[in-house]
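Student: Hi, I have a structure open on my screen. Could you walk me through it?

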Amino acid sequence: MVVKAYGAFAADKPLEAIDIERRAVGANDVQIAIAYCGVCHSDLHQVRSEWDGTLYPCVPGHEIVGHVTAVGDGVTKFQVGDVVGVGCMVDSCQHCASCDEGLEQYCENGFVGTYNGPTPDAPGHTLGGYSQSIVVKDDFVLKISHAEDQLAAVAPLLCAGITTYSPLRHWNVGPGKKVGIVGIGGLGHMGVKLAHAMGAHVVAFTTSESKRQEALDLGADEVVVSRNAEEMAAHAGSFDFILNTVAASHDLDQFTILLKRDGTLTLVGIPEHPHPSPNVAALIFKRRSIAGSLIGGIAETQEMLDFCAEKGIVADIEMIRIQDIETAYDRMQKSDVKYRFVIDSATLAA
């Protein structure tokens, strides 16, 4: 099936309208008409070859929400008309213990990304959600139970939501815990909302005084301007957990010293240059940890979606036409979005 999409043919070329081929629906496949696709910063990194290994043509997009239009004979979990989502994975390189444990994202063999991943389908790599439809194995399709009028704002949950939910869940964030969220952007705003909904005392860290009220409105109990030494010092040694969503290279010591004994600073952003080496003594003498976290497995992503539906959580978004994607990329690089762009996929037909 030929569908309309937007993709790039080289790192120095803008995205443009192209036609792509989607495979026929197999026994265990689900065909989805895409209604909305979120715009992730990783889309920009990949399409412009700022990360190694981009395959062209590159059709980005891994925050997909839409409606089932066909299912294979072996599919029992979904039916035509269901509202579903697709996140960062559409398959495993090989189904092994990692899949059985719900840890597909940490498989030593790697997972198949929703775009730029290996596939026998033409052109030999996966093509993502900046398109009218997609065909995905049923094990990697997610049920959406939010209201229809929230679906556009649900799309970023498939990456930004699970990227922040997974570490909060893994490090047992909840009532009685003091939790910091560093950065109030596409990831950070979701971290604040989720940590608040989990019952933690949430402190948002921002470099900008102008974001203080925004962070409070998102659910933070307190806001600290990280450039203010007095504000930072007032919280020394008091945090159980800090989630750092900032992707730019910066000094991690200013946050590790805020941790209690046995506290953890978890990073979910990959900087363009390595962070300065941390002060090892600050870690050793308080048994503090610096950790990292990726996205989440399929089971955990479904858990996150159900949690968000129950708590009424969606992303704060700005809807765009696909024709404005390059402008959106430029604005995203300047942090000029509150807090995620989402493509209205109906504009692909324009």
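Student: Which residues do ring pairs link into a cluster?

Tutor: F205, F239 and F255 are linked into a cluster by ring pairs. Rings of Phe, Tyr and Trp (its six-membered ring) pair if their centres lie within 6.5 Å; planes under 30 degrees apart count as stacked, over 60 as edge-to-face and the rest as tilted. Bear in mind that this is a predicted model, where local features need pLDDT of at least 70, side-chain atom pairs count only at pLDDT 80 or more, and totals for chains, interfaces and linings use all residues. Residues are numbered from 1 along each chain as its sequence is written, and side-chain values use heavy atoms, with hydrogens and water left out.

Student: How many aromatic pairs does a search of the whole structure find?

Tutor: The search finds 4 aromatic pairs. One of them is F205 with F239, a tilted pair at 5.5 Å centre to centre and 50° between the planes. This pair links distant parts of the chain, since F205 is in strand β11 (residues 201–206) and F239 in strand β13 (residues 239–244), 34 residues apart. Helices (H or I, at least four residues) and strands (E, at least two) are DSSP runs, numbered from the N terminus.

Student: Why is the pair of F205 and F255 edge-to-face?

Tutor: The ring planes of F205 and F255 are at 80°, with the centres 5.5 Å apart, so the pair counts as edge-to-face. F255 lies in helix α8 (residues 253–256) and F205 in strand β11, so this pair ties together parts that are 50 residues apart in sequence.

Student: Is F205 buried or exposed?

Tutor: F205 is buried, with a relative accessible area of 1%. Buried means under 20% relative accessible area, exposed over 50%, and partly exposed in between (1.4 Å probe, protein chains only). F255 also counts as buried, because its relative accessibility is 2%.

Student: What sits over the ring of F239?

Tutor: That is the charged end of K178, 4.5 Å from the ring centre. A charge sits over a ring if NZ of Lys or CZ of Arg is within 6 Å of the ring centre and within 35 degrees of the ring normal.

Student: OK, cysteines now. How many disulfides are there?

Tutor: The count is 0 disulfides, taking a disulfide as a pair of cysteine sulfur atoms within 2.5 Å. For C88, the nearest cysteine sulfur is that of C159, 3.9 Å away. C88 counts as buried because its relative accessibility is 12%.

Student: Switching to helices, how do α4 and α5 cross?

Tutor: The axes of helix α4 (residues 160–170) and helix α5 (residues 188–197) come within 9 Å and cross at roughly 45°. That makes α4 oblique to α5. Axes are lines fitted to C-alpha atoms, for helices over the stretch in contact, and angles run from 0 to 180 degrees between N-to-C directions. Angles under 35 degrees count as roughly parallel, over 145 as roughly antiparallel, 65 to 115 as roughly perpendicular and the rest as oblique.
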